[in-house]
Amino acid sequence: MRLRSALALGAAAALAALAAWSTWPPARTVYLGGPILTIDAADRVVEALGVEGERIAAVGSRDEVLAWAAGRAQVVDLAGHALLPGFIDAHGHFPGSGVTAVYADLSPPPIGDVASLDAVVLRLRARAAEKPPGEWVVGWSYDDTLLAERRHPTRQDLDRASTAHPIVAWHVSGHLCALNSQALAKLGLDAATPDPPGGRIRRDAAGAPDGVLEETALELLRGAMPQPSLRESWAIFREATRRTLAAGVTTAQNGYAEAAHLAPLVWLSRAGLLPLRLVVWPREEAAERILAGELAFDPPDPERVRRGAVKLLADGSIQGYTAYLREPYFVPPGDDPGYRGWPRIAPEALAEQVLRFHRAGWQIAVHGNGDAAIDEILDAFEAAQRAFPRVDARHVLVHAQMARDDQLERMRRLGVVPSFFVLHVYYWGDRHREIFLGPQRAARISPLRSAEELGLRFTLHADTPVVPLEPLRIVSAAVNRRTTSGAVLGPEQRIGVARALRAVTADAAWQHFAEASVGSLEPGKLADLVILSRSPLDDPAGVAEIRVLETIVGGKSVFRADAGPAR
Ligand SMILES: [Zn+2]
């Protein structure tokens, strides 16, 4: 017995040594020959950076860093390209961007090409043809306001794709979906089914479900729809990893993790299959079980997988007409001119949830888009802080799109971190102005300049897979506020490039309580780096066109574009 375990141990040690030998980065590497943006407290741009093993060891002038290297380093010439800290996702849904590997992609331009209900039907029909009757067909990311018909697909529309398969088409917001008749039947939804609290089953004139479900009504799908198979899950995971690293992101984020996904993410990381860092926010049910001691989620190495905030939701999405506004929508979705959306959860219930997690020492992140929802979230944070004062809780207001000045001031006072979904200016800005919010309110969605002037620390995100994770496009939206039509929306809310870069690096790390190890290029921090085709500081108007050439995690190159610097 003893001998066998000793042999096993020996074999394991040999394997570990082999693995270490084959993956270990060179002892010392020096980067020079291009601008190096440290994003440190002084926003220093330096000449050279030295890496030893997986950490940064030297930052400074070419002479200083070469002296540190003492002739024993591999030297990488940046050839004029720029070196920055790897981007950190403040809020997304990793590995959600990989779903296109298995689901029908219904994205509209400029992301995809689905611009009519006929196109939705064709794409779903093609996917159905690949599957035996009775199997679910899933489509992802249609956008009703970018379809020629300007409406959601009904069950009759989706029946044109197949009556032999249950079909679900997800709205780009993730807060609504459309089902065909067979899917409605599988879920047992009919005219007699009541709307769940915080959700809506849209109906036709006869009161029967028309196919569209909103907000908490989506929970009716859980359990009825099979989870992706192991093979599909792997395909999703691989595709998401590829896309994330190609975007220069070194710390990804899962901002609403199911209980069943917590352990696999840690296993994948420990098995060496997750070549990036990950911050995981358990969704409310999962966090409740962790709080009650029924579920364990203690990742052993927080520098690889970190347990972050509990994620709660207070409302829906503006472009789905489910965000909760204080004043009515500009063009109402139905006959009611006073329609303002609604809260997903009663304010008392939200306050109670927030209080419980706050008291237990958790960081709390709450999704809030509409200004009425933001009021309720801040009420809940304030009541919790009053009952159990806690310094540096870093509670996060996720999206914060319609935050008013008085709400930003309140966030500053309460130490709340707004994480803005500023890409809405680019992707939905024209429609916010013309349809959802009208010119005045649209001009000040994601009020970054106001936040900056108040001295608020904030982060920026893409909510991927709602839109692709492209940190440089995020920076461009913050700096230029151009919409897809080329119009400038709310120029007074533009911020500078340096500040926008900070919001996707150092301040995103800080939001995740990870600032001691990532987010800036400083000695002692992990060597998470991205090489860009040029410095974003040079040409703010062209930031979105900058290419990611190489991504490095812990000193190891994990992505290299074909046209990358010769190494
Ligand atoms: Zn989200």
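W234 is partly exposed, with a relative accessible area of 35%. F237 is buried, at a relative accessible area of 5%. Buried means under 20% relative accessible area, exposed means over 50%, and partly exposed is in between, using a 1.4 Å probe and protein chains only.

The model is predicted: local features need pLDDT of at least 70, side-chain atom pairs count only at pLDDT 80 or more, and totals for chains, interfaces and linings use all residues. Residues are numbered from 1 along each chain as its sequence is written, and side-chain values use heavy atoms, leaving out hydrogens and water.

## Aromatic pairs

A pair of aromatic rings is described by the distance of the centres and the angle of the planes. Rings of Phe, Tyr and Trp (its six-membered ring) pair if their centres lie within 6.5 Å; planes under 30 degrees apart count as stacked, over 60 as edge-to-face and the rest as tilted. Searching the whole structure gives eleven aromatic pairs. One of them is the tilted pair of W140 and W170, with 6.5 Å from centre to centre and 45 degrees between the planes. This pair links distant parts of the chain, as W140 is in strand β8 (residues 137–142) and W170 is in strand β9 (residues 167–171), 30 residues apart. Helices (H or I, at least four residues) and strands (E, at least two) are DSSP runs numbered from the N terminus. W140 counts as buried at 14% relative accessibility, and W170 is buried at 18%.

W234 and F237 form a stacked pair, 5.6 Å centre to centre with 25 degrees between the planes. These two residues are about one helical turn apart because they lie three residues apart in helix α6 (residues 230–246). Elsewhere, ring pairs link Y321, Y329, Y339 and F436 into a cluster.

## Charges over rings

A charge sits over a ring if NZ of Lys or CZ of Arg is within 6 Å of the ring centre and within 35 degrees of the ring normal. The charged end of R28 sits over the ring of W68, 4.8 Å from its centre. R307 lies over the face of W362, 4.2 Å from the ring centre.

## Backbone features

F94 and P95 are joined by a cis peptide bond with omega of about 5 degrees; P95 lies in the loop between β6 (87–88) and β7 (104–105). Another cis peptide bond joins P109 and P110, with omega of about 10 degrees.

S141 is not a glycine, yet it has a positive phi of about 85 degrees. S141 lies in strand β8 and is buried, with a relative accessible area of 4%.
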